[in-house]
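Here is a short briefing on a few local features. Keep the viewer open while reading.

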Amino acid sequence: MTSTETSTKPTVANPPGAVAGGTVPRLVRAGPLARMLRPVRGHLIGCAVLSALGSAAGFAPYVAVAEIARTALGAPSPAAVIPAVWTWVGIGVAGAVLRLLLLFLSSRLGHVADAETLHAIRVRIVRHLGVLPLGWFRATGSGAVKKVMTDDLEEMHQLIAHSMGEIIGAAVAVVVGFGYLVLVDWRMALVALAVLIPTLVSYQVSMRSMSSHLARLIAAEQRISTSAVEYADGITVVKTFGTGGRILERFARAVRDYAGAMRAWVSETRYSSAICHLTGTEMTMLAVLLAAGVGFVGAGWLTVPDLLPFLIIGIGLPTSITPAVQGAQGLRKGRMAAGHVEDLLERAALPAPEHPQRPVGHRIELDDVRFSYDGVSPVLAGISAVCEPGTVTALVGPSGAGKTTLASLLPRFYDVTGGAIRIGGVDVRDIPGETLLASMSLVFQDVVLLRDTVAENIRIGRPVATDEEVREAARTAQVHDVIEKLPDGYGTVLDALGGGLSGGELQRLTIARAVLSGAPIVVLDEATAALDPDNEAAVQDALAELVAGKTVIVIAHRLHTIRQADQILVLDHGQLVESGRHHELLARNGLYARLWAAQRNGEHA
Ligand SMILES: Nc1ncnc2c1ncn2[C@@H]1O[C@H](COP(=O)(O)OP(=O)(O)OP(=O)(O)O)[C@@H](O)[C@H]1O
């Protein structure tokens, strides 16, 4: 029996709740959780049975103490009860040992079920991540993956390995304890029940209230941590531009939301919480049982020895519920976590080609390409163009025109919603994913680094490349000399921030990756960030080496870098408004000419 006081303080970590009859089975049966646990049902049933038996055996020492007291008090002489006392001591010790053994085995089964379930889920997630559109990762995916892989799986671990056993153990403790008291004296047992029932009912009320508030509280808690991280991450910008007020305001709003949700919850549960505090403690039970017991003894309904089991076992009944309250909370969180896991697993995968085909050559054909992120507002509205092998095509246009979106349709970050993109005469949706990605190098502005050596960071371009090939690629990308000057040269381990390499140097490192891959198509997002003149020249030289002889699509922000492009596609509001070479477009005096004039004026201002 636990002797800790039952707490009904409604915190998110341990909110009010109860193991009221019917609630637990409904939760376990429900939806995604039940589906995920089906393969380990046998283990879970075994775990539950062992936990129940262990919890029941754990009563033996308490019953033994009560019985020894009853026997001793009612005996004519101490010597007469020695054999009976020894028997009860034996029963008590055996019960304690059995409890340890059964709970150990139950915990083992629970952890085996947990390991098998989480292993299967992790494998499914990893497989599914492999078929999700890359665009999903760029937009929102990495945060969602992290949350599911760490937070949600941790909640599921708590549920499978701990919460179920806690709930069943606590339920059995209450039932067995109460059953024993009924056998001793059913009238006194009813008195104990009169204290237990309001406790259970008020827990049940709190539990129902928790269901409606938990999602809101967790959401507010997440917003608090997100805005705190945002503040810490952006501290340089915040201090420099004095924008801390706005970020702090977001943080304060999240804190207010949380406090509001908590207030609503506390207010809704004020009566049930007060009853829990009043009736769910050992002190209250002791006072009631003692008062009733003395009265019963005075009335001749009860003997003093028969009062003892109520004072030893009865007073612990309310606090026996505590583990179930925590377990029920774990169950609820685990069920929400299972829902998040299933949401991720149900996210639409990129359809694999039904009839895979191999492209012949690398001619790129944009055929009436239409696209929308939300299926409602068009972002690209019927773009048609051809990029011949070995030529450079620049995508230009105002911010938000759709340049990045168009470029990201080539490697199938997303699929077109109308029209088609063909490479070497084959629709990209009919080219096997690996073949498609192997045919192009993607050089985007956000440099993604692995926490690994410089050499391995370049080798991502072609994992089987030799050390000499890695060095050669770095030389071509004009970054070899910089790497050689690092403390451990190519063996220097980079962190997420680039291990001291400048922005331009990191860009050349990603260019080296692309050079190493040797893919015949290059999709390039030209840097918008201004580099110092030396770095700028080095990056331009590296790019010139990379794109030589390749089919290149470049998203151009600074028009002077693409004056020599073979064709320039000018986008505006998702439409292709002009196309041609630099001097042709200037002669048309349209959008391109205006953008060019604006940039020239900007440079000379
Ligand atoms: N992941 C996304 N989900 C929803 N809408 C998006 C997403 N990415 C871009 N958009 C929207 O699509 C439109 C085109 O954006 P896109 O980034 O392709 O333009 P862009 O021409 O590359 O702009 P910039 O030069 O500023 O990078 C914009 O209205 C943008 O807000």
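Helices H5 and H14 cross in a left-handed sense. The model is predicted. Their axes come within 9 Å and cross at roughly 35°.

**The H5–H14 crossing**
- H5 covers residues 78–131, and H14 covers residues 322–346.
- On the H5 side, the contact is made by Ile121, Arg124, Ile125 and His128.
- H14 contributes Val341, Leu344 and Leu345 to this contact.
- By class, the contact residues of H5 and H14 divide into five nonpolar, one polar and one charged.

**Leucine 576**
- Leucine 576 sits in strand E10, which spans residues 575–580.
- Leucine 576 counts as buried because 22 other C-beta atoms lie within 10 Å, and the cut-off is 20 or more.
- Leaving out residues up to four places away in sequence, leucine 576 touches Ile383, Ala385, Leu569 and Leu571.
- Glycine 397 is 179 residues from leucine 576 in sequence. In space, the two are 9.4 Å apart, C-alpha to C-alpha.

**Helix H3**
- H3 runs over residues 41–57 and has 17 residues.
- From first C-alpha to last, H3 reaches 24 Å, close to the 24 Å expected at 1.5 Å a residue.
- Buried residues of H3 include His43, Leu44, Cys47, Ala48, Leu50 and Ser51.
- Also buried in H3 are Ala52, Gly54, Ser55, Ala56 and Ala57.

Methods:
Residues numbered from 1 in each chain as written. Predicted model: local features only at pLDDT ≥ 70, side-chain atom pairs only at ≥ 80, totals over all residues. Axes fitted to C-alpha atoms, helices over the stretch in contact; angles between N-to-C directions. Helix = DSSP H or I, 4+ residues; strand = E, 2+ residues; numbered from the N terminus. Left-handed = near helix turned anticlockwise from the far one by under 90°. Contact = placed C-beta atoms within 7 Å. Nonpolar A, V, L, I, M, F, W, Y, C, P; charged D, E, K, R; others polar. Buried ≥ 20, exposed ≤ 12 C-beta atoms within 10 Å, placed from the backbone. Expected span 1.5 Å × (residues − 1).
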